[in-house]
Amino acid sequence: MIQNPIIRKELLMGLRTRKAVAMQGLFLLVALGLIWLLWPAGGLQDIAGQQGRRILSVLSIGQLLLVVLFAPAFTAAALTSEKEHNTLESLFATSMRPWEIALGKMVGSLGLLMLLVLSGTAALAMPFLLGGVRGLDVLGALGLLLLTAVYLGMIGLLVGTFMHRSYRAIIVTYAVLVFLCFAVAVPAWPISRNLLARGGAAWQSTFHVIASLSPLEAMLSLLWPKSTYTVGAQGMPPFWQLYIPMSLGVITIAAAVVLYKLHRPVAPPRPREKLKVVERGQISARTFLFLIDPRKRKRMIRWWQNPILIKEFRTRPMLQAQWLMRSVGTCLIVSVLLMFLVSLSIQALVAESGSMISLMAVAVAVLMVALILVIGPAAASGTICSDLESGVWELIRVTRLPSWRIVSGKFQASVIPALLLAAATAPALFILLYFDLKLLPNVVRILYVVGMTILFVSTAGMFFSSLFKQTSTATAWTYGLVASLGLATLLVLLDKDMFSRRFIRAIFVLNPIAAAMDAAGNSAMQKLALLAAHLKIMAVTTVVMFLVTVARVVRLRAAD
């Protein structure tokens with residue numbers, strides 16, 4: 001199998017890229033940082049041997065999260081990059097059989113992930129020096145990490161077979177992986193008041209099986225079987241025992257679909273329908289179906305408008321007006337429905353209406369920030385490198401527009417969609433104000449956090465877009481940064497006894513979700529006093545990234 005030229009090409013070319021070196025270094029740096037942070041003073045071990053097991057657990061979960069962050073970057077674009085460069089048809093013109101091409105792509109991209117996991121084996125073995133850790137524990141954690149790398153990598157490959165653009169494949173893959181790792185595991189966690197344990201046996205068994213799809217829940221149940229995060233249904237096996245056959249089943253199905261798709265002729269991108277331009281002032285049937293008619297002739301660019309901004313909104317599919325308005329409407333409906341569902345669930349758990357409204361404010365604040373963290377990078381990460389890929393940047397270079405105006409247009413094109421999405425969810429806050437006007441200071445603080453999060457995410461997307469020449473790479477790094485700040489930092493809550501209060505505050509001060517909870521009035525987060533420090537750090541970081549982006553644009557516009 002190693003003689004397969006595609007495997008050799010994927011592995012060698014992947015290992016020689018700067019992206020692979022950076023991710024490898026970051027993977028090892030995080031592992032070493034966790035060991036340095038958790039290692040007991042003087043190397044002394046407790047009598048029960050729990051310290052070594054806790055360190056192993058945190059290291060394993062940390063490496064698992066890094067695999068989740070890196071999997072789309074290695075696998076989601078493996079097939080779409082061939083489609084973008086029109087080289088996939090060339091592969092089928094060789095003497096290789098379709099199954100050999102598919103196997104080469106799968107093994108080549110998954111091999112990079114598995115090498116990444118294997119490089120962290122030495123860090124997993126470090127708790128042996130403290131005692132209290134068995135060899136089976138380390139082997140079990142390593143085996144689960146390798147299985148998770150293949151499991152998540154195959155999902156990325158599966159998504160890539162249905163996409164024609166790498167950045168879209170990466171966005172969809174991140175959404176699927178976040179759902180699999182976190183959303184399906186929430187019913188088993190204390191944050192949902194252990195929803196899994198409520199109801200009858202059929203209810204519990206169903207949620208137990210669903211939660212077993214999460215690699216995070218499987219790792220927790222393997223290393224922390226008595227934790228409050230691993231309470232399953234009575235009579236059901238531990239989550240990790242169900243995760244192994246279920247993940248193998250998903251891997252088999254995904255591999256079969258990939259093989260089937262690659263056996264068929266490569267389908268070109270779906271052609272756009274022939275547009276018949278509707279002159280301004282005329283009324284068409286589509287006017288009654290859509291708020292904004294995409295076929296209507298656009299106005300000329302006015303003298304006071306930024307041409308780069310208008311160009312972004314007219315050429316990028318995600319920024320076109322009809323799709324933005326539909327997204328805003330969808331977010332508005334979803335936010336109202338979610339607030340209604342949250343109010344019903346909280347009312348069933350909390351007796352006092354005042355506490356219920358306060359908890360609803362926290363839920364709405366988390367929803368607004370999470371929505372920006374999920375959708376913001378998709379709109380911002382392709383602002384500059386998409387023009388570099390398509391060759392449009394060469395036209396921008398020869399214009400008379402100053403660099404600051406180009407950056408301003410790109411920045412506005414990144415911020416405006418996020419502002420519209422935030423405005424679509426904001427009515428839920430005003431509904432809460434109708435019931436309790438005392439929440440007005442909290443609502444103002446929530447809007448501060450949301451606004452700063454929009455600026456930070458949009459600037460981060462532009463920053464990575466100016467550093468890399470490919471939209472897929474910029475999208476992967478932007479989502480990696482956002483997911484690290486928004487989700488990975490919350491994992492210190494799994495075992496707060498291992499970390500000092502000062503360290504937890506230092507981690508949470510970077511988290512927009514934790515800052516939004518503080519602004520909304522969550523008592524646990526307000527004790528840490530996160531809001532002021534969070535806004536300052538995010539503001540300084542945003543300004544630095546913006547200035548670096550401006551410098552990069554000036555350099556990209558310079559003569560060769």
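Tutor: First the term: on a 1 Å grid over the protein atoms alone, a cavity is a set of points where a 1.4 Å probe fits but cannot get out. Grid points are joined across faces, edges and corners, and a volume is the space filled by probe spheres set on the points. This is a predicted model, where local features need pLDDT of at least 70 and side-chain atom pairs count only at pLDDT 80 or more, while totals for chains, interfaces and linings use all residues. Residues are numbered from 1 along each chain as its sequence is written, and side-chain values use heavy atoms, with hydrogens and water left out.

Student: How many cavities of 30 Å³ or more come out by this rule?

Tutor: The count is one. The largest cavity has a volume of about 100 Å³.

Student: Which residues line the largest cavity?

Tutor: Lining residues have an atom within 4 Å of a point. They are L65, V68, L69, Y174, V178, F182, A483, L487 and A488. Helices here are DSSP runs (H or I, at least four residues), numbered from the N terminus. Helices α3 (50–75) and α9 (166–181) each supply at least two lining residues, and α3 gives the most, with three.

Student: How many of the lining residues are nonpolar, polar or charged?

Tutor: Nine are nonpolar, none polar and none charged. Nonpolar covers Ala, Val, Leu, Ile, Met, Phe, Trp, Tyr, Cys and Pro; Asp, Glu, Lys and Arg count as charged, and the others, Gly among them, as polar.

Student: Aromatics next. How many aromatic pairs are in the whole structure?

Tutor: Seven. Rings of Phe, Tyr and Trp (its six-membered ring) pair if their centres lie within 6.5 Å; planes under 30 degrees apart are stacked, over 60 edge-to-face, the rest tilted. For F411 and F546 the centres are 5.5 Å apart and the planes at 80°, so that pair is edge-to-face.

Student: Where do F411 and F546 lie?

Tutor: F411 is in helix α19 (residues 403–425) and F546 in helix α26 (residues 531–557), so the pair ties together parts 135 residues apart in sequence.

Student: And F464 with W477, stacked or edge-to-face?

Tutor: Stacked, because the ring centres of F464 and W477 are 6.3 Å apart and the planes at 20°. F464 lies in helix α21 (residues 440–467) and W477 in helix α22 (residues 471–486), so this pair ties together parts 13 residues apart in sequence.

Student: Which residues form one aromatic cluster with those two?

Tutor: The cluster consists of F463, F464, F468 and W477.

Definitions and conventions
1 Å grid on protein atoms, 1.4 Å probe; cavity = no way out; pocket = protein on both sides within 12 Å on 5 of 7 lines; lining within 4 Å.
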